[in-house]
Each structure stands twice: as structure tokens, then as C-alpha cells.
Amino acid sequence: MACSISTLGECVAKALFKFIIDLLNLASKPFLDLIKKFLSEPVNITIFASTWSVIVYILSMFYGLLFIWVGFKFIISGESPEQREKAKSDLKNIIIMMILVQGSFHLYSLIIAVSSALTKTILNMVGNDFFKITLESIYNIGFDLFFGSIYILHLIVVLIILILRYIAVSAGVLLFAMGIFFYFISALNQYGRLIINGLGVLIFLPVFYALIFLVGSKLTTLGGFSGFKTLIMVGSLDMIILFTLLLLLFVVVKSATQIKNVTNIVKR
């Protein structure tokens, strides 16, 4: 719109609000850069390599006991085909478990790399423009400024979530080896499943977050939603925060249920 004497007030107001929005974009940029980094960059697990080696060494001390246990099952199986097959299956599982535990560090790193590659691919489809606060209409100035401020607060919360997730995934390489070991032990199988599933969800969380951003960016291209880009950005961050909280609640409830089940089995 060209400025004239009759529209001077509107032009000045628009220029002022555009300046404020530019300041909001400038303030949000560091948070956005960190969020994108924590979303797409592979988690560094090398800092736990030494501790992982110690844990694997401790777990390997049980290999001999497991072989003795399987050998004992072979001896007492007698002429029972079912028992002998069960003992053979246990022996096969122990060998698989040993291979996976010994290679758990590299396997964990590979899974993280796959998650990172998927996240990067999806984020590239979103584009940088989606994350910028824009002045869609002179009539939505107050709306855009209000949600622009809320947007920065949401970015801070999401960044904190991603930092905590990064720490948990990085240290998770230690639990991953134990989770594999527990998975192949009948009495501890439920704990093993819980650890492996929990780490899997944490590792692939950025993929779900990127998908939420992708859906949000596609909505802004639709005619009916194009004027509410800032609201959609805030809504996308809200969905990420809500999804994470619900996921944490589910994990807590699932953990409590699994522990209760195992306790009941032990009591019997």
C-alpha cells in the first residue's frame, strides 16, 4: 500500500509494528537456531563410551552363568523334545543377546543417526519462513504482536524439553545395553522392554516434532489459515509441549504397571 497524506497515520503505525515484529524475530532467532540444532543433530554419546565399556564388562560376567544354566537345562531335559527345544532356544537367545550387548554402542549410535536423518529431511520440507513472525495484515497487528510474544516463551519451553531429551538420550546408551540384557532374561523381560521402548521413543521424538511443524507449515498455505500464521506456530509448539507431557505421563503409568506386574510374579 502506497503512503499518502490521507494514510500517513496507518503507514506510520504499520512501520512501527513491523519494527517491533522484526525485534521479536531477532529475539527468537537464537532459540530457533538451538531448537533446530537439538532437533536435527545426532546426539553425542561418546562421552559415555568409557562408562558403557564398564557396564558391558559387568554384564559379560554373567555370560558364563547363563551358559551353565542352559547346559543344566539340557542335562535335566532327558528325553523330552519340548524341553530340549526350549534349551536350544535359550542358547540361541543368549548368543544373540551377547552379540547385541557387545555391539549396543554402535547399534544405539546407528538408531540415533537414522532419527537425525529423518528429522533433517522433514525439517527441510518445512522451510525457514514458517518460523518467522510476519505481519499478515494491518488489521491483525495486535493479534500478531500478542502471539509473537507468546511464541518466544513457547520456544524457550520447547528448547528446555529438547535439552533434557538430549541429556537423556546421551546417557541412554548405558541403559540400552542393560535393556538388551534384561530383554533376553525371562524374569527381567518386562524391564528390558520398558527400557528399550522408552529409549526408542526418546530417540525418535524429534521426528514427531518435525512432523508437527510440517503439518503447521502446510496449514499456513491454505487460504482460510494464511492470516493466522503466528497462531499456528504457537499452536504447533503447544502440541509439542502437550504431546511430551502426555508421553511422560504414559511412561510413568506404564513403568508403574510393569513394576507391579513383575512384583506380583515374584510373589507367586
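This is a predicted model: local features need pLDDT of at least 70, side-chain atom pairs count only at pLDDT 80 or more; totals for chains, interfaces and linings use all residues.
Good morning, colleagues. Let me begin with the overall composition. The protein contains eight helices and zero strands. Read from the N terminus, its elements run α-α-α-α-α-α-α-α. Of the 268 residues in the protein, 35% are buried. The contacts with a separation of 6 or more deserve mention here: residues 24 or more positions apart account for 82% of them. As for the surface, the protein exposes about 15,300 Å², and carbon and sulfur atoms supply 73% of that area.

I turn now to helix H5, which covers residues 104-126. Does the distance between its ends agree or disagree with the span that its residues should give? The helix has 23 residues, and at 1.5 Å a residue these should span 33 Å. The C-alpha atoms at its ends are 33 Å apart, so the two values agree. Several residues of H5 are buried, among them Phe105, Tyr108, Ile112, Ser115 and Leu123. After the helix comes Gly127, whose phi is positive, near 90°.

Within H5, I would draw your attention to Ser116. Its relative accessibility is 5%, and because the limit for a buried residue is under 20%, Ser116 counts as buried. Which residues does Ser116 contact, once its neighbours within four places in sequence are left aside? They are Ser40, Glu41 and Pro42.

Next, please look at helix H6, residues 141-183, where Gly172 is found. Gly172 is buried, with a relative accessible area of 1%. Its contacts, again leaving aside neighbours within four places in sequence, are with Tyr108 and Leu199. Leu199 is 27 residues from Gly172 in sequence, while the C-alpha atoms of the two are 6.6 Å apart in space.

My next residue is Thr244, in helix H8, which comprises residues 229-267. Is Thr244 buried or exposed? With a relative accessible area of 8%, Thr244 is buried. Not counting residues up to four places away in sequence, Thr244 touches Ile161 and Tyr209. With Tyr209 there is also a polar contact: the side chains of Thr244 and Tyr209 are joined at 2.4 Å.

Val54, Tyr57, Ile58, Met61, Phe62, Leu65 and Ile68 make a nonpolar surface patch of about 760 Å². Two elements give two or more residues to this patch, namely helix H2 (49-60) and helix H3 (63-77). Which of the elements gives the most? It is H2, with three residues. Met61, another member of the patch, is placed in the loop between H2 and H3. The relative accessibility of Met61 is 54%, and since exposed means over 50%, Met61 counts as exposed.

Thank you for your attention.

Key
Residues are numbered from 1 along each chain as its sequence is written. Side-chain values use heavy atoms; hydrogens and water are left out. Helices (H or I, at least four residues) and strands (E, at least two) are DSSP runs, numbered from the N terminus. The expected span of a helix is 1.5 Å times one less than its number of residues. Buried means under 20% relative accessible area, exposed over 50%, partly exposed in between (1.4 Å probe, protein chains only). Contact means heavy atoms within 4.5 Å. A polar contact is a pair of N or O atoms within 3.5 Å; within protein, one must be able to donate a hydrogen and the other to accept it, and residues adjacent in sequence count only if both atoms are side-chain atoms. Patches are made of residues with over 30% relative accessible area and no salt bridge: like charges are joined within 9 Å, nonpolar side chains (Val, Leu, Ile, Met, Phe, Trp, Tyr) within 5 Å. Accessible areas come from the Shrake-Rupley method with a 1.4 Å probe; for residues, only the protein chains shown count as cover. A salt bridge is a side-chain nitrogen of Lys or Arg within 4 Å of a carboxyl oxygen of Asp or Glu.
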